[in-house]
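Biologist: Could you take me through this model, beginning with the overall fold and then turning to the helix packing?

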Amino acid sequence: MDSASGSCNACGVTGTALMKLSLGKDFFGRTYDRLSPSTDQSPKWYCEGCSMQKNLQRDFRDITAEFDKLGAGQSSQLSNPDEFQRAALRLREIVALLDAAQNFSPLLASGDVKHLLERLNTITIPA
Ligand SMILES: [Zn+2]
């Protein structure tokens, strides 16, 4: 298994402290099924910058999945106006964090997040 002497699974940096990322709960408070290959594959190790971006990527992915369900008319966490509002705020925060990051993110492009935010803004949830 990889260890602290290995390299970051995202950007490949070596010689820095790496942390094994435990994702725990997703953005909507649901617990990850760590045995399910689709949600949590083999444990990965990330440097500090990438582990921060990995958390942003996870939230972005969760919100995208729920938004797609909403668009398809399926039951979605975003049908709840409070969750919808919280998701929109989180996306703005993610864009700000990505734009403020000095290093290029190999995990998440702020353009993708901005695009989702624009799509989100075209939808009105009855309060
Ligand atoms: Zn890294």
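This is a predicted model: local features need pLDDT of at least 70, side-chain atom pairs count only at pLDDT 80 or more; totals for chains, interfaces and linings use all residues.

Modeller: Residues are numbered from 1 along each chain as its sequence is written.

Biologist: How many helices and strands does the protein chain have?

Modeller: The protein chain has three helices and two strands. Helices (H or I, at least four residues) and strands (E, at least two) are DSSP runs, numbered from the N terminus. Along the sequence the pattern reads β-β-α-α-α.

Biologist: What percentage of the 127 residues counts as buried?

Modeller: The buried share is 20% of the 127 residues. A residue is buried if 20 or more other C-beta atoms lie within 10 Å of its own, exposed if 12 or fewer, and partly exposed in between, with C-beta atoms placed from the backbone.

Biologist: Which residues touch the most other members of the largest nonpolar core?

Modeller: Those are Cys8, Tyr46 and Val113, in a core of 21 residues. Strand S2 (45–46) and the helices H1 (48–71), H2 (81–100) and H3 (110–121) each supply at least two residues of this core. A nonpolar core here is a set of buried Ala, Val, Leu, Ile, Met, Phe, Trp, Tyr and Cys residues joined through C-beta atoms within 7 Å.

Biologist: What does valine 113 touch?

Modeller: Leaving out residues up to four places away in sequence, valine 113 touches Phe60, Leu91, Ile94, Val95, Leu98 and Leu108. Two residues are in contact if their C-beta atoms, placed from the backbone, lie within 7 Å.

Biologist: Now the helices: at what angle do H2 and H3 cross?

Modeller: Their axes cross at roughly 155° and come within 9 Å. H2 is therefore roughly antiparallel to H3. Axes are lines fitted to C-alpha atoms, for helices over the stretch in contact, and angles run from 0 to 180 degrees between N-to-C directions. Angles under 35 degrees count as roughly parallel, over 145 as roughly antiparallel, 65 to 115 as roughly perpendicular and the rest as oblique.

Biologist: Which residues make that contact?

Modeller: H2 contributes Ala88, Leu91, Arg92, Ile94, Val95, Leu98 and Asp99, while H3 contributes Ser110, Val113, Lys114, Leu116, Leu117 and Leu120. By class there are nine nonpolar, one polar and three charged residues. Ala, Val, Leu, Ile, Met, Phe, Trp, Tyr, Cys and Pro count as nonpolar, Asp, Glu, Lys and Arg as charged, and the others, Gly among them, as polar.

Biologist: And how do the axes of H1 and H2 lie?

Modeller: The axes of H1 and H2 come within 10 Å and cross at roughly 145°. Leu56, Asp59, Phe60 and Ile63 of H1 meet Ala87, Arg90, Leu91, Ile94, Leu97 and Leu98 of H2. This contact has eight nonpolar, no polar and two charged residues.

Biologist: What about H1 and H3?

Modeller: Their axes cross at roughly 35° and come within 11 Å. Phe60, Ile63, Thr64 and Phe67 of H1 face Val113, Leu116, Arg119 and Leu120 of H3 in this contact.

Biologist: Changing topic, is arginine 58 buried or exposed?

Modeller: Arginine 58, in helix H1, counts as buried because it has 20 C-beta neighbours inside 10 Å. Its C-alpha lies 7.7 Å from that of phenylalanine 27, 31 residues away in sequence.

Biologist: And where is glutamate 93?

Modeller: Glutamate 93 is in helix H2. Glutamate 93 counts as partly exposed because it has 13 C-beta neighbours inside 10 Å.
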